[in-house]
Amino acid sequence: MYSDADQEHMANALALAERGLFSTMPNPRVGCVVVRDGAVVGSGWHERAGEAHAEVIALREAGARAAGSTVYVTLEPCSHHGRTPPCTDALIAAKVARVVAACADPNPLVAGQGLARLRAAGIDVGVGLMSEAAHELNIGFVSRMTHGRPWVRMKIAATLDGKTALANGRSQWITGPEARRDGHAFRARACAVLTGIGTVKDDDPQLTVREVPTPRQPLRVLVDSRLEVPLTARILKGGNVLVAAAVEDRARAAALAERGAEVLTIPNVSGKVELGALVSELGRRGLNEVHVEAGFKLNGSLVAAGLVDELVIYLAPSLIGESGRGMFNLPELTDLAGRVRLSIRDVRQFGADLRIVARLGQ
């Protein structure tokens, strides 16, 4: 159905889409290539919300040469008015002959309507070319549109015997600079970085992106049931922080607000933060991907609640021993049938450390 040339042009469109990896949220990452008579006459990618979509940029570059062309786009063109006009209208007006989309848009405002409008205008439409790659590129956007919650990715650095810190909580640095740089790339692509009060007390992290260039810093989310975070904590520096609490404390909330932090009170019946409600709220706010860097207690609570989609685990070639802290604080099992099963997606080495990417529930 699709030729080698189709494959090549869609691969180029996906490479363009990836240029928006750190900047498009809450919008999806989209790339577009316009081809006429075998030659690329226009290309573009969506850079950030509120600015032109990939199709509009590519058509603008193609100009009159877009007439009779084939357009390769990594996501179904939008058919609704948002911050910008519908891309379907631009494609129809440009008189393109064919549109190949990698995958349909899961946004209920689009959801096949864009492809239908193009077909109704007499344009030859294909969908599904390199769909898996396109889905992976926008896995958080797909999760939010289909499940109402962001894709939750948990990063853990551990020794080969599965220890994330000494018994006293010290963990800097278990892994080497190459692994830490890769971890910052995952931070940069996320809409938010989430941690717990235990990590703040032990390590006083900034949780900002520093090791890779980025056009923006993700929201920092702190799970702090009793609002214990010190006002001098580095996570509060520069604001852009959401503190999830389980208690009402107006004075404390006001003090945090002066430092640019918002307090969200969402208790559960045990007097702790209701993690499911927190993740849902992050989705409601338009966050596509949430990157977790927390301690073994919060890690275990998130996994036990079924809120983690993906693990990114860096294993250092070292040992700490039984006294060290583990990766997850999970309930004791009496039957192996109750273990959390994972699907290994990728294994590679960064410096001396091994990175394993695994998914839950697959």
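Reader: Which residue just after α10 takes a positive phi?

Author: Good place to start, keeping in mind that this is a predicted model. Look just past the end of α10: Gly-286 has a positive phi of about 90°.

Reader: Which residues of helix α10 are buried?

Author: Helix α10 covers residues 275-284, and its buried residues are Leu-275, Leu-278, Val-279, Glu-281, Leu-282 and Gly-283.

Reader: Why does Val-243 count as buried?

Author: The idea is to compare the relative accessible area with a cut-off: buried means under 20%. Val-243 has 0% relative accessibility, so it counts as buried. You will find Val-243 in strand β9, residues 241-245.

Reader: Which residues does Val-243 touch, leaving out those up to four places away in sequence?

Author: With those set aside, Val-243 touches Leu-222, Asp-224, Leu-227, Leu-256, Ala-261, Glu-262, Val-263 and Leu-264. For Met-130, the C-alpha to C-alpha distance from Val-243 is 39 Å, and the two are 113 residues apart in sequence.

Reader: Now the surface: which residues form a nonpolar patch there?

Author: Leu-330, Val-340 and Leu-342 do, and together they have about 230 Å² of accessible area. Leu-330 sits in the loop that runs between β12 (310-316) and β13 (342-350).

Reader: Is Leu-330 buried, exposed or partly exposed, and why?

Author: Partly exposed lies between the two cut-offs, under 20% for buried and over 50% for exposed. Leu-330 has a relative accessible area of 34%, so it is partly exposed.

How values were computed. Residues are numbered from 1 along each chain as its sequence is written. This is a predicted model: local features need pLDDT of at least 70, side-chain atom pairs count only at pLDDT 80 or more; totals for chains, interfaces and linings use all residues. Side-chain values use heavy atoms; hydrogens and water are left out. Patches are made of residues with over 30% relative accessible area and no salt bridge: like charges are joined within 9 Å, nonpolar side chains (Val, Leu, Ile, Met, Phe, Trp, Tyr) within 5 Å. Accessible areas come from the Shrake-Rupley method with a 1.4 Å probe; for residues, only the protein chains shown count as cover. A salt bridge is a side-chain nitrogen of Lys or Arg within 4 Å of a carboxyl oxygen of Asp or Glu. Helices (H or I, at least four residues) and strands (E, at least two) are DSSP runs, numbered from the N terminus. Buried means under 20% relative accessible area, exposed over 50%, partly exposed in between (1.4 Å probe, protein chains only). Contact means heavy atoms within 4.5 Å.
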